[in-house]
Amino acid sequence: MSLEFSEKTKKKIEEIIARYPQKEAALLPVLHVTQQEFGFISAVQEKMVAQILGIKPIRVRELVTFYTMLSRESLGKYHIQVCTNLSCHLLGADNFVDYLVEKLGIEPGETTPDKKFTLSKVECLGACERAPCMMINFNYYGEMDPKKVDEILDGLK
Amino acid sequence: MKEKVLTEHFGLESLYKIDVYQKQGGYRATEKALKKMKPAEILEEVKKANLRGRGGAGFPAGVKWSFVPETDKPKYLCVNADEGEPGTFKDRYIMSHNPHMLLEGIIITSFCVGISAAFIYIRGEYEAIALRLEQAISEAYEKGFLGKNILESGFDLDVYVHRGAGAYICGEETALLESLEGKRGNPRLKPPFPASVGLWQCPTVINNVETISNISHIILNGAEWFVKQGLPKDGGTRIFGVSGMVKNPGIYELPLGTSLKDIIFKHAGGMKEGKKLKAVIPGGMSAPILTADEVDIKMDFDSLVEANSMLGSAAIIVIDDKTSILDVLKVVAKFYSHESCGQCTPCRIGNSWINKIVKRIAEGKGKKEDLDSILRLASNIEGNTLCPLGDAAAMPIVSITKKFRKELESKL
């Protein structure tokens with residue numbers, strides 16, 4: 001399978017590389033745009049990124065396996081990340097996760113068969129005053145309860 | 001005399017736009033610093049202000065800057081916006097409400113230290129805030145506060161936003177540098193300290209968002225004024241982030257030295273209906289826990305050290321009497337076991353064992369010797385790792401286990 005970055009992404013990558021005195025420093029930001037374009041970073045994308053930055057693919061894998069926001073597998077259209085750290089835990093994050101597990105019919109770490117939702121339990125998202133909180137893709141939602149999440153999820157196409 | 005410094009104008013809806021910020025007196029500090037002050041004078045002022053690091057360690061910012069050697073190498077500024085310490089969300093407020101205050105701090109700091117490139121390392125989840133920062137940066141370029149020959153002072157500065165990707169360890173300053181260089185966030189051995197050998201082996205200043213955001217206020221109002229906002233050895237206010245079982249969770253900017261009891265019961269509205277105070281984590285999850293009897297304490301670096309805890313990131317997590325302490329310990333142990341970078345054996349193995357033991361206790365299969373095993377493992381982590389994550393894990397785990405031993409024993 002031969003894949004290529006879109007022209008827009010190629011341009012973005014060039015801009016990113018220009019920020020740093022050393023090309024390798026662009027690796028993490030380039031992986032962000034790669035994931036944005038393809039939805040995940042598999043061996044194919046690793047090679048593409050390595051080629052652009054003039055590094056070995058293993059250097060790319062080192063990062064993909066270290067940073068939790070980088071995914072090696074395709075995720076659902078909506079990635080629901082529920083914080084289960086202390087402030088959210090105190091305000092019922094576990095029950096909230098249980099509710100989502102039941103509602104979506106998947107366990108944390110899984111994706112619905114229609115590829116619409118991926119559910120993850122994550123560590124602190126930095127929105128503790130809005131506990132229990134979650135993210136859907138890059139949007140934050142706070143003070144979650146079953147009713148609120150029903151409304152939010154039902155509004156997603 | 002005591003007033004809000006950092007959050008004063010947060011109520012203004014479009015404060016994040018440069019025009020609105022300038023109407024509130026924004027960028028006057030930059031003009032003063034670049035046109036009327038010498039770098040050495042700025043350094044002296046910041047030192048006198050006793051501005052201590054707001055990220056967690058509390059190291060005096062001016063002293064840190066003074067460690068940067070004279071050299072022909074480029075120097076860098078890294079602003080730590082990783083904000084991963086559980087319970088902490090203050091920097092998110094600063095960056096989303098008032099990004100230009102941060103930029104002013106960056107400009108003045110860079111001018112003072114002789115830096116021409118600054119990176120804001122922001123946690124990956126804060127994508128929307130990263131975009132807001134980039135917008136603010138481009139506004140500052142347009143108005144001539146960034147770029148070449150800023151305000152005709154001959155001083156050049158470029159600022160970039162660099163997003164992390166979900167690793168608590170990257171809030172540790174040397175891990176942050178590794179991450180910025182495009183590597184895994186494995187902390188470096190210190191010394192050498194980043195001030196002399198940092199980003200790309202060049203001298204690098206690393207300061208937290210809140211620390212840097214104080215700089216423009218120190219320049220405008222002077223060190224003496226700044227010290228008066230807090231304590232003699234601990235100048236300024238602090239943005240306390242309160243979360244957990246209180247009525248009004250949120251940020252509260254208060255003078256350093258404000259009582260923890262007042263923060264919880266006056267400012268944050270007290271406990272939620274029907275809940276009683278059981279314990280408080282006063283400075284982000286890494287800070288040793290305080291029991292309900294210990295909350296009559298001043299919130300400043302030295303008072304908390306005396307109480308065998310720490311002010312850390314000033315993130316206050318309030319725990320109620322209905323919460324089982326074993327549950328708290330479970331969350332803490334899981335977190336550090338998950339976030340250990342794996343480089344140092346005591347942290348990697350120790351935290352994973354502690355996590356397994358705590359999980360076993362929670363499943364009702366605890367053994368008599370388990371609590372002592374946890375304490376022994378924690379003592380083998382503390383002080384035996386390259387970076388402070390080891391200590392950060394051991395401190396809460398030991399304090400929870402010791403202070404709530406009876407409750408934990410009842411679960412064995």
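A: Helices α2(B) and α6(B) are roughly parallel to each other, because their axes cross at roughly 10° and angles under 35 degrees count as roughly parallel, over 145 as roughly antiparallel, 65 to 115 as roughly perpendicular and the rest as oblique. This is a predicted model: local features need pLDDT of at least 70, side-chain atom pairs count only at pLDDT 80 or more, and totals for chains, interfaces and linings use all residues. Residues are numbered from 1 along each chain as its sequence is written, chains are lettered from A and ligands numbered from 1 in the order in which they are written, and side-chain values use heavy atoms, leaving out hydrogens and water.

Helix α2 of chain B covers residues 28–36, and helix α6 of chain B covers residues 99–113. Helices here are DSSP runs (H or I, at least four residues), numbered from the N terminus. The two axes come within 9 Å. Axes are lines fitted to C-alpha atoms over the stretch in contact, and angles run from 0 to 180 degrees between N-to-C directions.

Which residues meet? From α2(B) come R28(B), A29(B), T30(B), A33(B) and L34(B). From α6(B) come E104(B), I107(B), I108(B) and F111(B). Contact means heavy atoms within 4.5 Å. By class, this contact has six nonpolar, one polar and two charged residues. Ala, Val, Leu, Ile, Met, Phe, Trp, Tyr, Cys and Pro count as nonpolar, Asp, Glu, Lys and Arg as charged, and the others, Gly among them, as polar.

Chain A has a helix pair to set beside it. Its α1 (residues 7–18) and α2 (residues 27–38) pack at about 170°, with axes 10 Å apart. These two helices are therefore roughly antiparallel. In α1(A), T9(A), K12(A), I13(A) and I16(A) meet P29(A), V30(A), V33(A) and E37(A) of α2(A). That contact divides into five nonpolar, one polar and two charged residues.

The two chains also touch. Here 36 residues of chain A are in contact with 58 residues of chain B. Together the chains bury about 3,700 Å², 60% of it on carbon and sulfur atoms. Buried area is the accessible area (1.4 Å probe) that two parts lose on being put together, summed over both. On the chain A side, F66(A), L90(A) and E129(A) lose the most area to chain B, together 18% of what that side buries.

Two salt bridges are counted between chain A and chain B. A salt bridge is a side-chain nitrogen of Lys or Arg within 4 Å of a carboxyl oxygen of Asp or Glu. K334(B) forms one with E123(A), the closest N and O atoms being 3.1 Å apart.
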